[in-house]
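Reader: I have a model open and a few things to ask about it. Can we go through them one by one?

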Amino acid sequence: MRTVISAFALTAFLLVANLGLAAAPPATAEPSPASVSPMIVLDAHQDCLHRILDRDDNLGETYGDEQGNIPEWKEGGVNAIWFSVWVNPAKYPGRLAVNRAVALIRAFNHQCALYPKYLQPCSTAEQVRRATASGKIAALLGIEGGAAINNDLDLLPYYRQQGVRYMTLTWRGNLAWAGSSQAHESRAPNREMGLTDFGRQVVHEMNRLGIIVDLSHVSDQTFYDAIAISNKPVIVSHSNCRALAPHPRNVTDDMLRRLAANGGVIGVNFSRDFLKTAEQKQDGGTPDIKTVADEVDHMVKIAGIDHVGMGTDFDGGITPASGLKNAAATPKLWVALRMRGYSDEDIRKIAGENFLRVLKANE
Ligand SMILES: [Zn+2]
């Protein structure tokens, strides 16, 4: 059902969203979007750690080109971040991938120690709730790319101990044990290679340890192989819908239905590359907030409201949708959804509650 909201209520919503939705609604605002207070806004895929490590950036400062640091998160009401420990196996082959992952985790810990007033390292859903309730940004860790385990199951408990709560099975390029949606160099689509026996062991071990299986980036076959054997809800942390944006990195409607049956969640990705519709590809059109909202609509239509979240891919070398330059612009998405008739409860689920449910289910 569509709700007509006044300009005043919309302004109030924007204002409150900027404050992390913590303020009480003005008595005259009708209907008041501020009734969703307090709202957990969780970005399930933020890629700033390699910038922190390689450029010596700090999360408390602004540089002009970053898509998310503490000032932007504060302004955008983003109060939970899943920091991506991204390992590129072409750049860091073999054991070097492990070294790189460890260095990124150390950079994360260093930033949390540097900004204790703003960042709270978290590894459970309860910790995220407590951190956000105290006005801090909940900081979670997820690994992007199974190359980080260098074919060694024993590294999984180590990463779990470090606080890692998800691992994307592959990044670009096949691993020895899991197929990726794209070849590394050519980026040609690959849909055939799935999980090997060892790949299945990785999924079982992740289930056992409480490391969520993330199926962004993987081949269709890997998606189906993993979801068939996972005994916990999985995530697709930062991908879109192939039905709207024909890119091999995006998921089909059938995959969305499987994800819903598994109890999992997909996070809408803000990158133009993964948002561009066939029409926009043809006429040179630019994806914008409406394109992102269309993606959310499609995910909700196929998978259901309980299975959609946000995984921006900010700082992952992306050009974001027009109007969503950085994390400070995040409330624009809630407003766009509000205008399409999403209720406070719906928005709250998409903003963070759905991902938190899966986090808890994997504990
Ligand atoms: Zn990615």
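Reader: Which hand does the crossing of α13 and α14 have?

Author: The crossing is right-handed. Keep in mind that this is a predicted model.

Reader: Which residues make the contact?

Author: From α13, Trp334, Leu337 and Arg338 take part, and from α14, Ile347, Ile350 and Ala351. By type, the residues of this contact are 5 nonpolar, no polar and 1 charged.

Reader: And the geometry: what are the angle and the axis distance for α13 and α14?

Author: Helix α13, residues 331–339, packs against helix α14, residues 344–361, at an angle of about 150 degrees. Their axes are 10 Å apart.

Reader: OK, changing topic. Where is Ser239 found?

Author: Ser239 lies in the loop between β7 (235–236) and α9 (253–262).

Reader: Is Ser239 buried or exposed, and why?

Author: Ser239 counts as buried because it has 30 C-beta neighbours inside 10 Å, and the cut-off for buried is 20 or more.

Reader: Which residues does Ser239 touch, leaving out those up to four places away in sequence?

Author: Ser239 touches Ser216, Arg249, Asn250, Val251, Ile266, Asn269 and Phe274. Taking Val251 from that list, Ser239 and Val251 are 12 residues apart in sequence, with their C-alpha atoms 7.1 Å apart in space.

Reader: Now backbone angles. What is phi of Asn150?

Author: Phi of Asn150 is near 45 degrees, a positive value in a residue other than glycine. Most residues other than glycine have a negative phi.

Reader: What about phi of Asp315?

Author: Phi of Asp315 is near 65 degrees, again a positive value in a residue other than glycine. Asp315 sits in the loop between β9 (308–310) and α13, and α13 is one of the helices in the packed pair above.

Reader: Is Asp315 buried or exposed?

Author: Asp315 is buried, with 25 other C-beta atoms within 10 Å.

Reader: Last, the whole chain. How many helices and strands are there?

Author: The protein chain has 14 helices and 9 strands. Of its 363 residues, 54% are buried.

Reader: And what share of the contacts with a separation of 6 or more comes from residues 24 or more positions apart?

Author: Such residues account for 71% of those contacts in the protein chain.

Notes. Residues numbered from 1 in each chain as written. Predicted model: local features only at pLDDT ≥ 70, side-chain atom pairs only at ≥ 80, totals over all residues. Axes fitted to C-alpha atoms, helices over the stretch in contact; angles between N-to-C directions. Helix = DSSP H or I, 4+ residues; strand = E, 2+ residues; numbered from the N terminus. Left-handed = near helix turned anticlockwise from the far one by under 90°. Contact = placed C-beta atoms within 7 Å. Nonpolar A, V, L, I, M, F, W, Y, C, P; charged D, E, K, R; others polar. Buried ≥ 20, exposed ≤ 12 C-beta atoms within 10 Å, placed from the backbone.
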